[in-house]
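Hello,

Here is the structure I promised to pass on. My notes follow below it.

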Amino acid sequence: MATAAQVAATFLSFLSCPRHHTAPSPSISFLATPVLPASLRAAAAGGQTLTFRCRGRRIAVVAQLPTMIPELASGEKKIRWSSRAVRSFAMAELEARKMRYPTTGTEGLLMGILVEGTSDAAKLMRANGITLLTVRDAAATILGKSEMFYFSPMHPPLTESAQRALDWAVNEKLKSGEDGEVTANHLFLAIWSDKESAGHKVLASLGFDDQKASLLAKTVTV
């Protein structure tokens, strides 16, 4: 019979391995998840997949983020998201759950970019003293803290502003007419472009401005 210490160790090991990801609204999805939303079945069938390892387990994730752009939603056009953007999005949902929020907003997307940590957007934030901790604190100040005993849904759906950010990022890439991927840098600039979004307000409260954003815009295709 397992001892109490063994049971506790097994439970902590389980918690330390993130299990993600599909939202009630269209979202990326870990294929290890038992149920895949109808909005993602087409992407899962024909889209690119990325593979992550967590304690020796292989976890595949559909490299397609949700869009409300008709041409993309209908399959008439295709767009590729970078692996950094996909990982940032996955981490955004996890951060929303840690904050006990019912939705994944632009503030969550910022946190996801910081957790992923390797994009130019993440590096620019850190260079300006913007860290995961400061973003969390600013988000709690702007949006308020959740109830202590409230538990976020397993897959918090996107807010309207978060969905607009994803669509803005895709539109910017389409307008450029260039090949390549929609990156975490596009996503960050999309958040900054929406002055009414929680993410923009968080960044502004931490001293970010248009001049700093212009530095990233020069390398947006990276």
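Helices (H or I, at least four residues) and strands (E, at least two) are DSSP runs, numbered from the N terminus. By that count the protein chain has eleven helices and four strands.

This is a predicted model: local features need pLDDT of at least 70, side-chain atom pairs count only at pLDDT 80 or more, and totals for chains, interfaces and linings use all residues. Residues are numbered from 1 along each chain as its sequence is written, and side-chain values use heavy atoms, with hydrogens and water left out.

Overall figures first. Of the 222 residues in the protein chain, 45% are buried (under 20% relative accessible area, 1.4 Å probe, protein chains only). Take contacts (heavy atoms within 4.5 Å) with a separation of 6 or more: 66% of them join residues 24 or more positions apart.

Now H10 (residues 198-205). Its buried residues are Ala 198, Gly 199, His 200, Val 202 and Leu 203. They pack against H5 (106-116), H6 (120-127), H7 (132-143) and H9. Just after H10, Gly 207 has a positive phi of about 90 degrees.

H9 (residues 184-193) also meets H11 (residues 210-217): their axes come within 10 Å and cross at roughly 155 degrees. Axes here are lines fitted to C-alpha atoms over the stretch in contact, with angles from 0 to 180 degrees between N-to-C directions. H9 and H11 are therefore roughly antiparallel (angles over 145 degrees). H9 contributes Asn 185, Phe 188, Leu 189 and Trp 192 to the contact, and H11 contributes Asp 210, Ala 213, Leu 216 and Ala 217.

Best wishes

Definitions and conventions. Angles under 35 degrees count as roughly parallel, over 145 as roughly antiparallel, 65 to 115 as roughly perpendicular and the rest as oblique. Buried means under 20% relative accessible area, exposed over 50%, partly exposed in between (1.4 Å probe, protein chains only).
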